[in-house]
Amino acid sequence: MRRSTVEQYLKAIHSLEMNDGEVRTNELAERLGVKPSSVSEFCRKLRGRGYISWEPYHGARLTEEGRSIARSVEKRYDTLLNFLLSLGVDPEEAAEQACNMEHEISDESASRLRGLMGKID
């Protein structure tokens, strides 16, 4: 499983879970722009890794480990978005680029970037 795909799923589940509780396959498929059958297959893999609790036709919930990863991804995204916006990048473009880069930057590098941004402000 690619790290970026795992992180996209966990981030989407986290977002939907905060609004609705248990996340249905169709909701997740719509959010990610994939087929429900693809979501079911990937949820089986995420469950196997211990990132979610999931049963077909009952929905998914993040485990503590899955929630921790999702929060980390969101924090990296926020850091990158704020950095790009501070450079004057168009907000829509900044959001798209931050979404792509959030999977490539480490937590440590994101933390150092936050520190640098704090020194600049």
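Residues are numbered from 1 along each chain as its sequence is written, side-chain values use heavy atoms, and hydrogens and water are left out. Because the model is predicted, local features need pLDDT of at least 70 and side-chain atom pairs count only at pLDDT 80 or more, while totals for chains, interfaces and linings use all residues.

Helix α1 spans residues 3-20 and holds H14; helices (H or I, at least four residues) and strands (E, at least two) are DSSP runs, numbered from the N terminus. With a relative accessibility of 5%, H14 counts as buried, the cut-offs being under 20% relative accessible area for buried, over 50% for exposed and partly exposed in between (1.4 Å probe, protein chains only). Leaving aside residues up to four places away in sequence, H14 touches L62, R67, A70, R71 and E74, where contact means heavy atoms within 4.5 Å.

Next comes helix α2, residues 25-32, whose buried residues are T25, L28 and A29. They sit on the same side of α2 because they cover an arc of only 100° around the axis, taken from the directions from the helix axis to the C-beta atoms. Their cover includes α1, α3 (36-48) and β1 (52-55). Turned away from that buried side is the face with the exposed residues N26 and E30. After α2 comes G33, with a positive phi near 70°.

As for rings, the charged end of K11 sits over the ring of Y77, 4.1 Å from its centre; this calls for NZ of Lys or CZ of Arg within 6 Å of the ring centre and within 35 degrees of the ring normal.
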